[in-house]
Amino acid sequence: MNDRSLAYWLFLAPVLIALGAVVIVPFLYGFGLSFTNWNGVSISSFVGLENYISLFQDGEFRNAFWFTLLFAVATVILLNVFGLGLALLVTRSLKSSNLLRTVFFMPNLIGGLILGFIWQFIFVNVFSEVGTALNIEAMQGWLSTTATGFWGLVILTAWQMSGYIMVIYIAYLQSIPGDLIEASKIDGAGAFERFKSILFPLLAPAFTVSMFLTLSTGFKLYDQNLSLTNGGPFDSTQMLAMDIVRTAFVENDMAYAQGKAVIFFIIVTAIALAQVYYNKRREVEM
Amino acid sequence: MSMSKAEKRRLVPLEIAGIVLGILWLIPFYLMLTNAFKTPDGIFESVMALPGTFVWQNFVTAFQELDFLKSLFNSVMITGVSIAVIIIFSSMAAYALARNPSRLSTTLLFVFVAAMLIPFQSVMIPLTSIFGQLNMMNGAGLIFMYLGFSSSLAIFLYHGALKSIPKSMDEAAIIDGANRFQMFWFVIFPLLKPITVTVAILNVIFIWNDYLLPSLVLGEANATIPLKMFYFFGQYTTQWHLALAGLVLAVLPVIIFYFIAQKQIIEGVSEGAVK
């Protein structure tokens, strides 16, 4: 099979056509559209950078950006702490280890849309009842303010994805040779010492993988945002993905929405590449 | 590894902490299930209490309103056909790239991997516009879109697995008189089974649960479960007993799948993420 053989191209054709038609062509076409006043049907003029200039002055877009950034930072920290903690817990020889893995991982399989609806019930109805019973004022009125909407989304995502990050950490923990741990025990290293000087450096690749995954999930979150807060109150918990969807399909401002989509691509890609670059360098240094 | 009694005793607090956390993790499911059996008054009185009487009628109503059998059928068809298409075409493409390590193949593999960086929201507007003009905003169009979005990761995973299958396998089959096509499907593809399971599982989780793309492409008549759930929830937000019964129905197929294929699911997800 070489570049010129028919078999080579026949084997590749279906995916090349699909990737081209579904990702590459729309991506390039979209980039072009963002410099026009396209309304979804026709283009009457090229507007240069006008869409980009107005979106940098757009309070709604800026608000969505900061909200998304804060959300991503909070979830990256929480998910890695929980994920690693759960992984360390279930890799001890507990009787309940297997059962616990099954339980912690379960929410991942269910769609974000459905989980958001379930948690809406919990934050609104269950929290208020428990808050009344225990006399905790802070448990009232969840999802009706920006702060409770934010933490609601963070809690939901942490609950949903910790088991996923746990599975990644388990894979790396199990690749650490047992003798290394034994040797350090014989040398008299305490549990903390062991964690710091053996587990932590050896887990560096796991950090790369799970930070990359959690950051990009955090930035692209849509379903949970839609079903838990629907962007409310007053669009204050609207994240970038939802802002783009609404600008396009609710407000029908297509070219402008595409401008936002291009900026969204640049942000997500820059973060992903910076992340991989930084972590690769650190892995080598250690 | 055998443990001393002292070591076993040290694990007891951890065991307890684990079980408490596990119970905490399940509470949302417990609350959904118990409240789905209540009357509206029962929920109003207490969400924490067990249902006084079990109202099965909630499920009957939700089942009908969700048009459950039809939505389930739509979900199964879209997910099943998409996964078959993704597996067939991605494994073939990865085979061509792996067995012809030319500069062109390297470039194509790079393009596939780089395409994974493009977020869905960055292409969704032109994508729906183009497919609208081609009259492909339907189930078939949706399946084709899933092939486009999912083939990159699948090719990447298959490509990695193919490098560990010796080329002598191919040559032996060719000497036996098989053509490229037969050789791939009867000799190589069966050896890729572990990675095929991984690709299938990752895509079941993604496609079965996907909401945004079907909401843009499919009408209500062909709605999948998440899509139908969204419409249903909009109608019944104020009637939690029905909304929760609907959510239980929506969650049920996934839980059943999890209990059947639990081991493969956790292994597959771990494989897909770590590679």
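Author: Helices are DSSP runs of H or I with at least four residues, and strands are E runs of at least two. The model discussed here is predicted.

Reader: What makes a residue of chain A count as buried, and what percentage of the 286 residues does so?

Author: The cut-off is 20 or more other C-beta atoms within 10 Å of the residue's own. In chain A, 41% of the 286 residues count as buried. As for contacts between residues at least 6 apart in the sequence of chain A, 71% join residues at least 24 apart.

Reader: Why is H3(B) called roughly perpendicular to H13(B)?

Author: The axes of helix H3 (residues 57-65) and helix H13 (residues 240-274) of chain B come within 8 Å and cross at roughly 70°. Angles of 65 to 115 degrees count as roughly perpendicular, so H3(B) is roughly perpendicular to H13(B).

Reader: Which residues of H3(B) and H13(B) meet?

Author: From H3(B) come B:Asn58, B:Phe59, B:Thr61, B:Ala62 and B:Phe63; from H13(B) come B:His241, B:Leu242, B:Ala245, B:Gly246 and B:Leu249. These contact residues divide into 6 nonpolar, 4 polar and no charged.

Reader: How many residues of chain B are in contact with chain A, and which helix gives the largest share?

Author: There are 69 residues of chain B in contact with 69 residues of chain A. H13(B) gives the largest share of the chain B side, 14 residues. That side divides into 51 nonpolar, 15 polar and 3 charged residues.

Reader: Where does UniProt place the "transmembrane region" feature in chain B, and what is the helix content of residues 143-162 and 240-261?

Author: The unreviewed UniProt entry places the feature at residues 12-31, 76-97, 109-131, 143-162, 183-208 and 240-261 of chain B. Residues 143-162 of chain B are 100% helix and 0% strand, with end C-alpha atoms 26 Å apart. Residues 240-261 of chain B are likewise 100% helix and 0% strand, and their end C-alpha atoms lie 31 Å apart.

Reader: What does UniProt list for residues 72-261 of chain B?

Author: The unreviewed entry lists "domain: ABC transmembrane type-1" there. Over residues 72-261 of chain B the chain is 83% helix and 0% strand, and the end C-alpha atoms are 19 Å apart.

Methods:
Residues numbered from 1 in each chain as written. Chains lettered and ligands numbered in written order. Predicted model: local features only at pLDDT ≥ 70, side-chain atom pairs only at ≥ 80, totals over all residues. Axes fitted to C-alpha atoms, helices over the stretch in contact; angles between N-to-C directions. Parallel < 35°, antiparallel > 145°, perpendicular 65-115°, else oblique. Contact = placed C-beta atoms within 7 Å. Nonpolar A, V, L, I, M, F, W, Y, C, P; charged D, E, K, R; others polar. UniProt positions renumbered as here; feature names shortened; annotations may be inferred. Buried ≥ 20, exposed ≤ 12 C-beta atoms within 10 Å, placed from the backbone.
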